[in-house]
Amino acid sequence: MSKVSGVLRSAVLVWAVAVVAGVPEVSAALPGEPCAIEVVEAGTGWPVPMVELRTLHNVRFVSDNAGMIAFDLPELMGRETWFGVHGPGYGVAADGFGMRGVRLTPEPGKSLRVEVKRTGIAKRLGRLTGAGLFAESQKLGREMDWSESGEVVCVEGDGTGIRYRRKHMRGVKGRNGRAKTR
């Protein structure tokens, strides 16, 4: 038996004993149920989609149309964590260092709430196109009755206007804005 495999076996044995004994640092790092983070507008409680929470080691989480994020990083479960908050038209107040974010302590199965302030005049309702409109909510066991349309919509800018490509509609082209079907 080589030295490397002997050291590896010892490390695995120590880890297994720590898990069985219930050492919090090790048991918290085991994969499990995600932590639900709800992003809402301050004052109204309206769910805000497309807000990004970013950890200090640049792992990004983006809220879905229900304003939900399924946080599932085992290495940060049970630890106070700083999340930078980024979202066009929404934000949080800067701290003493000028950083815009929140401190949260995610735990498996726990629900946390982040309130963001609207900085623009328009309220964001949600994404209309693409897949995964409620993907984060569905990871948490919510919005399970929502099914994808099966139709992926592509939006392109082609210099003359926006073209929406769907099953039969080829889109808006030119300056008159009339939809042409083929």
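Guide: In what follows, two residues are in contact when heavy atoms of theirs lie within 4.5 Å of each other. The model shown above is a predicted one.

Visitor: How many helices and how many strands does the protein have?
Guide: The protein has 182 residues, of which 29% are buried. As for its secondary structure, the protein contains three helices and twelve strands.

Visitor: Among contacts between residues at least 6 apart in sequence, what share joins residues at least 24 apart?
Guide: The count here begins with contacts in the protein between residues that are at least 6 apart in sequence. Of these contacts, the share that joins residues at least 24 apart is 52%.

Visitor: Which residues does Ile 37 touch, not counting residues up to four places away in sequence?
Guide: Ile 37 is among the residues with the most contacts inside the largest nonpolar core, a group of 21 residues. Once residues up to four places away in sequence are left out, Ile 37 touches Leu 53, Gly 67, Met 68, Ile 69, Phe 71, Leu 104, Leu 112 and Val 114.

Visitor: Is strand E5 largely enclosed or largely open, and how many of its six residues are buried?
Guide: A residue counts as buried when its relative accessible area is under 20%. E5 is largely enclosed by the rest of the structure, because the number of its six residues that are buried is five.

Visitor: What residue in E7 is the bridge partner of Phe 83?
Guide: E5 and E7 pair in the antiparallel sense over four bridges. One of the pairings sets Thr 81 with Leu 104 in E7, while the bridge partner of Phe 83 in E7 is Val 102.

Visitor: Which residue in E5 does Leu 53 stand opposite?
Guide: E2 and E5 run antiparallel and are joined by three bridges. In E5, the residue opposite Leu 53 is Val 85.

Visitor: Why is one side of E4 and of E6 left without a neighbour in the sheet, and which strands are their sheet's members in order?
Guide: E4 and E6 (90-91) stand at the edges and have a single partner strand each, so one side of each is left without a neighbour in the sheet. The sheet is an open one of four strands with mixed pairing, and their order is E4-E1-E8-E6.

Visitor: What residue in E4 is the bridge partner of Glu 38?
Guide: E1 and E4 run antiparallel, and four bridges join them. For Glu 38, the bridge partner in E4 is Met 68.

Visitor: Is Glu 136 buried or exposed?
Guide: Glu 136 lies in helix H3 (residues 135-139), and its side chain makes a polar contact of 3.0 Å with the side chain of Lys 139. Leaving aside neighbours within four places in sequence, Glu 136 is in contact with Val 62, Asp 64, Met 68, Ile 69 and Ala 70. Its relative accessibility is 13%, and therefore Glu 136 counts as buried.

Visitor: What distance separates the C-alpha atoms of Phe 134 and Met 144?
Guide: Phe 134 is found in the loop between E8 and H3, and at 12% relative accessibility Phe 134 counts as buried. Beyond its neighbours within four places in sequence, Phe 134 is in contact with Asp 64, Asn 65, Ala 66, Glu 143 and Trp 146. Phe 134 and Met 144 are ten residues apart along the chain, and the distance between their C-alpha atoms is 8.7 Å.

Note on methods: Residues are numbered from 1 along each chain as its sequence is written. This is a predicted model: local features need pLDDT of at least 70, side-chain atom pairs count only at pLDDT 80 or more; totals for chains, interfaces and linings use all residues. Side-chain values use heavy atoms; hydrogens and water are left out. Helices (H or I, at least four residues) and strands (E, at least two) are DSSP runs, numbered from the N terminus. Buried means under 20% relative accessible area, exposed over 50%, partly exposed in between (1.4 Å probe, protein chains only). A nonpolar core is a set of buried Ala, Val, Leu, Ile, Met, Phe, Trp, Tyr and Cys residues joined through side-chain atoms within 4.5 Å. Two strands pair if DSSP finds at least two bridges between them. A polar contact is a pair of N or O atoms within 3.5 Å; within protein, one must be able to donate a hydrogen and the other to accept it, and residues adjacent in sequence count only if both atoms are side-chain atoms.
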